[in-house]
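Open the structure in your viewer and keep the selection tool ready. This tour goes from the whole chain to single residues.

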Amino acid sequence: MGSAHSSCSLTPTSSTKHFCFSPSKLYPNQNRIRNFIKFTSHPFLCSYYSSQVLPLKCSKAVEFETQVKSLKTMADIHGIDQELLQKMVYDALVWSSLHGLVVGDKSVKRSGEVPGVGLSHSPIALLPGLFPETHRKQACELSSIFNELVDRVSMDGKFLQESLSRTKKGDVFTSRLLDIHSKMLQIDKKEEIRLGLHRSDYMLDDKTKLLLQVELNTISCSFPGLSCLVSELHRDLLSQYGEVLGLDYRKIPENHAANQYAEVLAKAWTEYNDPSAVIMFVVQVEERNMYDQHWLSVNLRKRHNVKTLRKTLAEVDREGVLRTDGTLLVDGQAIAVVYFRAGYTPRDYPSESEWRARLLMEQSSAVKCPSISYHLVGTKKIQQELAKPNVLERFLDSKEDIAKIRKCFAGLWSLDDKDIVKKAIETPDLFVMKPQREGGGNNIYGDDVREALLRLQKEGSEEDAAYILMQRIFPSVFPTIFVRDGICHKDHAISELGIFGAYLRNKDKVIVNDHSGYLMRTKVSSSNEGGVAAGFAVLDSIYLT
């Protein structure tokens, strides 16, 4: 996929490399908008994508009008009047700062450890991306089916162990997770209260117009907090500039992921039935996305009167105690719900201390989000196994539900399939090679697929079991405006829609099974990887078509 690198082209003054910005030249003629506004200096930056970053120097505004062409479609986004664009970027940065749409600045050492230190606005798309309403509804309808599927697969310990048996030999991390799962099977550990906060990610294939699943995430699904704010930001911008742009803010669906996730966490806390217990967020040592998590904590305290605490895996190991009745105490505090925002990558387990903590929590009576079995259901290998013929029928009763899920499956294959491996070596651009990893930056694309497959064939080791092959999805490419680190640039992009799902049951009673908001991530079309926290993508929202 190519990318046309366009710029926020500003006109430099003759004697400097500063840009002049007259914010009063932002409004159409008075037949449309009759208000005139005076502006003061706006010291944010716009840049050429492929050239130097130049500071924006603003002159004193003079009240006059300029005609701004309305956007007929979002495809005209790169044609937005330049001074209007600058004003919108400025307003977006102010809004983000005032409303907590922020992350830790990685250039500031303590920004991932101490709240309020080294804040930066979250990387965002300035305007929402187009997405068909029919496909959004399809993704939302799939959520409850996938929630139920995860729960049922999690109860089949034999299926999980057998499906991942070869993967265990080639992947040390998955092997350690399976060891914990095996221990729970040996002691017949029952998870009567089961909580899943999932996210199913999709791309809309441009050629077939099919909504295809990229992956199903069952642990540490990020951005329920910040995704809501991006939707609010875009609605706010279009409420101000929508008439000028020819866009309607009401076509951006409201997003209540933070409220809905907090509500389900609170319900799980209630089911645990110990008013003195708290919800524990298991977090990474350095977490620059902490504010996304804090939105959930604030929601739990203000709306549900539920207390939370944050602990790393190492802290749980040092401070955790398991009572004979299964109660987990951490630093003397009873834990009702363990909510993992860490533990999904080998980097979270630098020593045996972290593995001891994971086992301790799994042995406890606390509600785990996710349990070790839910975690394993989210592995790439299980996703591939579920796509095999007749496997879904093992877990789901409804033929209609099975058909809906199967329709959204992209091609998925084990590296045992020699014909597919041969095809992937011949045409690597049509495939993605995926390891059993989460967090972005792990997949293999293009010629690297061929090289990796040939290397594995030559070595003849068990390492091939650590990977799966997936059909590469080619979504539509569209123009957008990225804003990162106070700098905007125009480019061409692709998007990925994630639907948050929530599932809670106590024994045979299903308490919650629903979709819970959405996450839209947009990246430059030439980029393979797509994680926001990993630095590949920006947060976005949906403009329904």
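Buried means under 20% relative accessible area, exposed means over 50%, and partly exposed lies in between (1.4 Å probe, protein chains only). By that rule, 58% of the protein's 545 residues are buried.

Before selecting anything, note that this is a predicted model: local features need pLDDT of at least 70, side-chain atom pairs count only at pLDDT 80 or more, and totals for chains, interfaces and linings use all residues. Residues are numbered from 1 along each chain as its sequence is written, and side-chain values use heavy atoms, without hydrogens and water.

The protein has 15 helices and 23 strands. These are DSSP runs, numbered from the N terminus: helices are H or I with at least four residues, strands are E with at least two.

Now select strand 8, residues 193-204. H198 lies in it. H198 is buried, at 1% relative accessible area.

Show the side chains of H198 and N147. They make a polar contact at 3.1 Å (N or O atoms within 3.5 Å; within protein, one able to donate a hydrogen and the other to accept it, and residues adjacent in sequence count only if both atoms are side-chain atoms).

Widen the view around H198. Beyond four places in sequence, its contacts (heavy atoms within 4.5 Å) include V150, Y261, Y374, F500 and C221.

Stop at C221. It is buried too, at 2% relative accessibility.

Last, select C408. It is buried, with a relative accessible area of 0%.
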